[in-house]
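I opened this entry to go through some helix packing and a few loop residues. My notes are below the display.

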Amino acid sequence: FLAAYYASRLSSDEQLKAIRDHIIQPSMHVVLKFFSGITKLQNTDHWTAIMDNVLFDEDGEKTPVNLRALHCVFEAQNDQRCRELFSKADGQLKITNETLFSSLDYYVIGYCMESASDTVRSIEIVGCQLTAEGLDIIAQKLTPMKNVKILNMSICDLHQKEKLLALKNLLHKLPNLESLYLEYCFRDSEDSAWGYWMLLGELLKQTSHLQFLSLNNNRIGSEGMKALCAASSNFSSLTNLNLSCNRIGAEDMK
C-alpha cells in the first residue's frame, strides 16, 4: 500500500506516469490521489485533482458535494478551499444512503457548512440513518445560513421526539428556507399521536418563507391534518403543498 501511495505521487514525467499507471489499479488510484492531495492542499495541481475526483462522475458530469469531499477539506482545515468546493458544485450538498454516520461525520458536515455558509444553497441528506445527537451537532456548529433555499431530508427516519426537536434546531439556522422535503420520514407514526403531530406543526412554524412543502407518504390522517392546519397560519408564502399517499379523507380536508 505504501509503495502504491508513493507511486501515485510520482512527477508528471511520461515514463514515471507509465510506471505509476501500471502499478496502481484505476479504482485504487482515485482513492490514493485523493489522500495524497491532502498533504499538498496549497498546491493548485493537487487541489484540482481532488476537485476532479470528488465533484465529477465517470461521465464527467458535475455532482454535488458529498461526504468524502467534506472530509477532505476538513482534514486540511482550510476554509477557503471549503468555499471553493461548494462554489464549484453550485452550492449543492448531497449525502445519500449513509447508514453508519459517526459523530465525526456530523461534526465534519457542520464544520464545512459553517465554513462555506455564504456559498451553500441546497442541502440533501436522503436515505440516511440519522440520530438526534448528530443533528444537534450539525445545528450547534452553524450560524444562520441565509442563502440555503432547499432542505431535503426524505427517507430519513425522524419518528422520534428527540429527532424532531433536533430538526427544529436545525431549521432555526435556515431562516430563508423556501423548499422543504420530508417524504417517507414518519412511516411508523400513529395518527392518534396528537402530541407528536403538534410537535411537527410547531417545527414547521419556523419556516415562514417556505414556498414548497412535501410531506407525502407519512401516514398523516385526521390528527395530523389538525396539527398542520394549526401551523398553517404561518405559511403565508406557501404556494405548493404535497400531501399525496397519506391517510387523509374528504372530511379531513374540510
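I am working on a predicted model.

**Entry 1: H5 and H6**

I started with helix H5, residues 67-76, and helix H6, residues 79-88. How do their axes cross? I found them coming within 9 Å and crossing at roughly 160°. An angle over 145 degrees counts as roughly antiparallel, so H5 and H6 are roughly antiparallel to each other. I noted the hand as well: H5 passes H6 in a right-handed crossing.

Next I listed the residues that meet. H5 brings Ala69, Leu70 and Val73. H6 answers with Arg81, Cys82, Leu85 and Phe86. I sorted the residues of this contact into 6 nonpolar, no polar and 1 charged.

**Entry 2: H6 and H7**

I stayed with H6 and turned to helix H7, residues 103-115. Their axes are 8 Å apart, and the packing angle is about 85°. The band for roughly perpendicular is 65 to 115 degrees, so H6 and H7 are roughly perpendicular to each other.

Which residues make the contact? On H6 I wrote down Asp79, Cys82, Arg83 and Phe86. On H7 I wrote down Tyr111, Cys112 and Ser115. The residues of this contact divide into 4 nonpolar, 1 polar and 2 charged. I marked Cys82 and Phe86 of H6, as they are listed in the contact with H5 and in the contact with H7.

**Entry 3: asparagine 176**

I moved to the loop between helix H9 (161-172) and strand S4 (179-181), where asparagine 176 is found. Buried or exposed? I read 22% relative accessibility, so asparagine 176 counts as partly exposed. The cut-off for buried is under 20%.

Leaving aside neighbours within four places in sequence, asparagine 176 is in contact with Lys146, Val148, Lys149 and His209. I checked the Lys146 side of this. The backbone oxygen of lysine 146 lies 3.0 Å from a polar atom of the asparagine 176 side chain.

**Entry 4: two positive phi values**

I looked at tyrosine 184, in the loop between S4 and helix H10 (194-204). Its phi is near 55°, a positive value in a residue other than glycine. At 39% relative accessibility, tyrosine 184 counts as partly exposed.

I then went to asparagine 217, in the loop between strand S5 (212-214) and helix H11 (222-231). Asparagine 217 has a positive phi of about 60° although it is not a glycine. With a relative accessible area of 11%, asparagine 217 is buried.

**Entry 5: asparagine 218**

Asparagine 218 lies in the loop between S5 and H11. I read 0% relative accessibility, so asparagine 218 counts as buried.

What does asparagine 218 touch, not counting residues up to four places away in sequence? I listed Leu182, Glu183, Tyr184, Cys185, Phe186, Arg187, Trp197, Cys245 and Asn246.

I followed the side chain of asparagine 218 to two backbone nitrogens. The backbone nitrogen of tyrosine 184 lies 3.5 Å from a polar atom of the asparagine 218 side chain. C-alpha to C-alpha, asparagine 218 and tyrosine 184 are 5.4 Å apart in space and 34 residues apart in sequence.

Conventions
Residues are numbered from 1 along each chain as its sequence is written. This is a predicted model: local features need pLDDT of at least 70, side-chain atom pairs count only at pLDDT 80 or more; totals for chains, interfaces and linings use all residues. Side-chain values use heavy atoms; hydrogens and water are left out. Axes are lines fitted to C-alpha atoms, for helices over the stretch in contact, and angles run from 0 to 180 degrees between N-to-C directions. Helices (H or I, at least four residues) and strands (E, at least two) are DSSP runs, numbered from the N terminus. Angles under 35 degrees count as roughly parallel, over 145 as roughly antiparallel, 65 to 115 as roughly perpendicular and the rest as oblique. A crossing is left-handed if the near helix is turned anticlockwise from the far one by less than a right angle, and right-handed if clockwise. Contact means heavy atoms within 4.5 Å. Ala, Val, Leu, Ile, Met, Phe, Trp, Tyr, Cys and Pro count as nonpolar, Asp, Glu, Lys and Arg as charged, and the others, Gly among them, as polar. Buried means under 20% relative accessible area, exposed over 50%, partly exposed in between (1.4 Å probe, protein chains only). A polar contact is a pair of N or O atoms within 3.5 Å; within protein, one must be able to donate a hydrogen and the other to accept it, and residues adjacent in sequence count only if both atoms are side-chain atoms.
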